[in-house]
Amino acid sequence: MSVNDFDGLRPPTPGLRDDHDRWRLTLRDFVDEKIAPHIDVWSDSGTFPDSLYEDAAKSGLLGFGFPAELGGWSEDADLYHRIIFAEELHRLGSGVVFADLATHWIGLPPVVQCGVKALQESVVRPVLAGRQRIAFAVTEPGGGSDLAAFTTTAVREGDDYRLSGAKTLISGAARANWLLLVANISNGHQDGLTLFLVDAKAAGVTISPLPGLKWYSASNATIELDNVLVQASMRVSEVGQAFRDLTQQFNVERFSGIASALALARVATADAIAWANERMAFGKRLAEHQSVKHRLVSMVREIHAAYGYLDQCVWRFENGEVPIADLCMLKIHATGVLEKCARDAMHVLAGEAYRGNRRAQRIHREAQIFTVGGGTEEILNDLAARQMKF
């Protein structure tokens, strides 16, 4: 391992244990065998074969953090297992596999914690086995993630419900068997927001690919609900308690986004350093030119600083704190580091980024996605300010 390759650019941390190292090796072997040979094709198409889900399940990748009795494993599973998963799935410089393979992390926990036993058997077990898939649907076309602007409704019909409305920018929706979504039972008041599990093939459900700017996952889609009948047993949360049940998940999910952004920043930086040490310009290596050398140092510095912040937040979270303000600020910082490293890597690679190093282009494009998913800078700054009471 070089101090300037992907692994070397991750500073040491006392929080990592031997079981974390074994988990990383398991993930790396899987990525090298099952993903690496196909990554360029899959990145171009924005998708991968469904068989990869079952391969991942057999390797133990899908079940960590979930109960063993439902096909998972949770012994010793912690935030670093999730962070390492995100790092290794982005080590090839593409988020296409992670975008869909990890959607169950936020879609399944409410079903495990609040769903009736029949749902756990019919939904959780097959998803963890890689035979089915679940997507989590919150964002709406008219109001994004603004709760006060939600228009998707759930109207009581006897013991059941009729759902109508729309969701958009939903990761994994185009290949999902199940949709965990938020609907409003109280006609426009936030206190009616409730979680429902919906069969993606139910009458009245239409799932359409997103037009416009190419997303790195072709299964990102819009969902339309037209008077969809949902049985009462498919209501996952108590009425009005959707975001109470999801708050912890949102916090944990931010760690995944942060780790993914920093992993891509490391890939971009490692590629830039390698090229700068190889490329000759005006009689010496690029890395020997002061301006290039300083650019590379600034990239490494930003990555190291971000990991120091990340490790502090992990320690606090694992010790019972919920540092929401710091998670918001760290997410902003990490995506900023990714944007900088992606831009600077393109600058150092120059023509090579367009001629030979395709993943530099990919990272530069995908960097923008991370600044939106999980909360924009404006939204997260506002949330952090409220947490800090100013």
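1. Start at Leu197. Setting aside neighbours within four places in sequence, Leu197 is in contact with Val111, Leu119, Val123, Ile134, Trp178, Leu179, Leu180, Val230, Met234 and Val236. Bear in mind that this is a predicted model.

2. Leu197 belongs to the largest nonpolar core, which has 128 residues. Ile35, Phe85, Leu163 and Leu197 have the most contacts inside this core. Which helix gives the largest share of the core? Helix 9 does, with 19 residues. As background, nonpolar side chains in soluble globular proteins tend to be buried together.

3. Helix 9 runs over residues 242-278, 37 residues in total. From first C-alpha to last, helix 9 reaches 53 Å. At 1.5 Å a residue, 54 Å would be expected, so the two values are close. Where does helix 9 bend? The bend is at Gln248, by about 30°. Is helix 9 mostly covered or mostly open? Helix 9 is mostly covered, with 28 of its 37 residues buried.

4. Now the cysteines. How many disulfides does a search of the whole structure find? The search finds zero. Take Cys328 as a case. The closest cysteine sulfur to that of Cys328 is in Cys313, 10 Å away. A disulfide needs the two sulfurs within 2.5 Å, so Cys328 and Cys313 are too far apart for a bond.

5. Are Cys328 and Cys114 buried or partly exposed? Cys328 is buried, because its relative accessible area is 0%. Cys114 has 32% relative accessibility, so Cys114 counts as partly exposed.

6. Last, the whole protein. The protein has 14 helices and nine strands. Its radius of gyration is 21 Å, close to the 21 Å that the globule rule gives for 390 residues. The protein is therefore as compact as a globular protein of that length. Along the principal axes, the C-alpha atoms fill a box of roughly 80 × 50 × 45 Å. Of the 390 residues, 54% count as buried.

7. One point on contacts across the sequence. Consider contacts in the protein between residues at least 6 apart in sequence. Of these contacts, 73% join residues at least 24 apart.

Note on methods. Residues are numbered from 1 along each chain as its sequence is written. This is a predicted model: local features need pLDDT of at least 70, side-chain atom pairs count only at pLDDT 80 or more; totals for chains, interfaces and linings use all residues. Side-chain values use heavy atoms; hydrogens and water are left out. Buried means under 20% relative accessible area, exposed over 50%, partly exposed in between (1.4 Å probe, protein chains only). Helices (H or I, at least four residues) and strands (E, at least two) are DSSP runs, numbered from the N terminus. The bend at a residue is the angle between axes fitted to the seven residues ending there and the seven starting there. A nonpolar core is a set of buried Ala, Val, Leu, Ile, Met, Phe, Trp, Tyr and Cys residues joined through side-chain atoms within 4.5 Å. Contact means heavy atoms within 4.5 Å. The radius of gyration is taken over C-alpha atoms; the globule rule is 2.2 Å times the number of residues to the power 0.38.
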